[in-house]
Amino acid sequence: MTVYPIVIAQQNFTHQDSLHYPFEERGLQFGDGIYEVIRIYKGNYYLLKEHMDRLFRSAEAIKIDLNITKEELTRLLLKLLEKNKMTTDGKVYLQATRGSAPRDHVFPVDTPANLYAYVQDLPRPSEKLKNGICTITTPDVRWENCYIKSLNLLPNVLAKQEAKENNCYEAILHRGELVTECSSSNIYIVKNGEIYTHPATNRILHGCVRMRVEKFANDLSIPFHEQAFDKEAIFQADEVFLSSSTSEVMPVVRVDNQHIQEGKPGAVTRKLQKAYELDAAITENNITQA
C-alpha cells in the first residue's frame, strides 16, 4: 500500500512523522470532536461539498469553532492530494477536536481547535459490490444525536466487531423493532419497486451517499420513502442494500443467516449502483453487469 506522508495539521502541511499532540487533548480524553471520511476516485474527491457541509453542521452542533471557512478547508484538502501525488482510489480521514487544554469537562477558553487530515489508499470493494454481503441485526444503544458525526463511536465499534465475529460485513441497528441504520452505513429496503429508509432525524447519520441515493432514485423514477420500517420488513423485502462513502451502494443478500429473496442483488440495487458509478465517473469495472 502506498504511503502518503504529507498531512494537514491545523492549517498547514507537515510530514506525518511530525504530527504530535499533547497528552491532554480533548479528542483523546473526551471524544470531544468530529470527523469525516471522504472518498477519492482516481485522485479526485467524490461529494466533497456534501462532506464539508456536514462537517460544519457537526461542528456547529457541538459548538466547536474550526477557525477556518469551508472554502479555505476545501482548498487545503485539494492541495493535500496534490502534495501527495494522489492519483488512485482512496480516502481522506479528517478530524477536528476542541483542542488541547488541561482536562476539564467544561469547554476551555481561547483554545484553538485541533484539525488534521491524511490520505490512504482504498480500493473499491468490487467483489462484495458484485455478489452482495451478509449482515446481522443488533440493538441500537447509541446516544440520541447520531446526526452529529462525532468521535463517540464505541457502540458502533462494538456492533461492527459483533458482525465480524459472525463472519458478516455489517450490523443493522434497531431501536425496539424499528430499524435505524447500520454501524457505519445507512440501510434501505425495496418492496414492490419502491425504496424505504429511516427519515433523516437525529437518530441516524445523514449520509452524503444517502442523499445521492435519493437523487438517483428520483432521476430513475423509483419511489423513495423516508419511512421507518421494522426488523420483520427486512426479511419480507424484495431487496436490501446499504450505502456509505466506503461501501458505495452495497447489496445485502443475507441477514441473520436468512437469505433475502434468492440471496442475490436485485434489479433496483443494480440500477442505483450504475447511477453511482456514472455520478462518480467510475468506468473501469463491470460490477453491475453480474
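Begin with helix 8, whose buried residues are Val268, Thr269, Arg270, Leu272, Gln273, Ala275, Tyr276 and Glu277; buried means under 20% relative accessible area, exposed over 50%, and partly exposed in between, with a 1.4 Å probe and protein chains only. The model is a predicted one, in which local features need pLDDT of at least 70 and side-chain atom pairs count only at pLDDT 80 or more, while totals for chains, interfaces and linings use all residues. Residues are numbered from 1 along each chain as its sequence is written, and side-chain values use heavy atoms, with hydrogens and water left out.

Helices (H or I, at least four residues) and strands (E, at least two) are DSSP runs numbered from the N terminus. Helix 8 covers residues 267–279, and its end C-alpha atoms lie 18 Å apart, in agreement with the 18 Å that its 13 residues should span at 1.5 Å a residue; the expected span is 1.5 Å times one less than the number of residues. Just after helix 8, select alanine 281, which takes a positive phi of about 60 degrees.

Turn next to the open sheet of six strands, ordered 2-1-6-5-3-4 with antiparallel pairing. Its edge strands, each pairing on one side only, are strand 2 (12–15) and strand 4 (44–46); two strands pair if DSSP finds at least two bridges between them. Within this view, select strand 5 (residues 90–97) and strand 6 (residues 114–121), which pair in the antiparallel sense over eight bridges, and look for leucine 94, whose bridge partner in strand 6 is alanine 117.

Move on to histidine 51, which has its place in helix 2 and is buried, with a relative accessible area of 0%. Leaving aside residues up to four places away in sequence, histidine 51 touches Glu36, Val37, Ile38, Tyr46, Cys208 and Ser245, where contact means heavy atoms within 4.5 Å.

For a distance check, isoleucine 172 and serine 58 are 114 residues apart in sequence and 23 Å apart in space, C-alpha to C-alpha.

Now select strand 10 (residues 186–191): five of its six residues are buried, so this strand is largely enclosed by the rest of the structure. Strand 10 pairs with strand 13 in the antiparallel sense over five bridges, and isoleucine 189 has valine 240 of strand 13 as its bridge partner. Strand 10 is also joined by four bridges to strand 11 (residues 194–197), again antiparallel, with glutamate 194 in strand 11 as the bridge partner of lysine 191.
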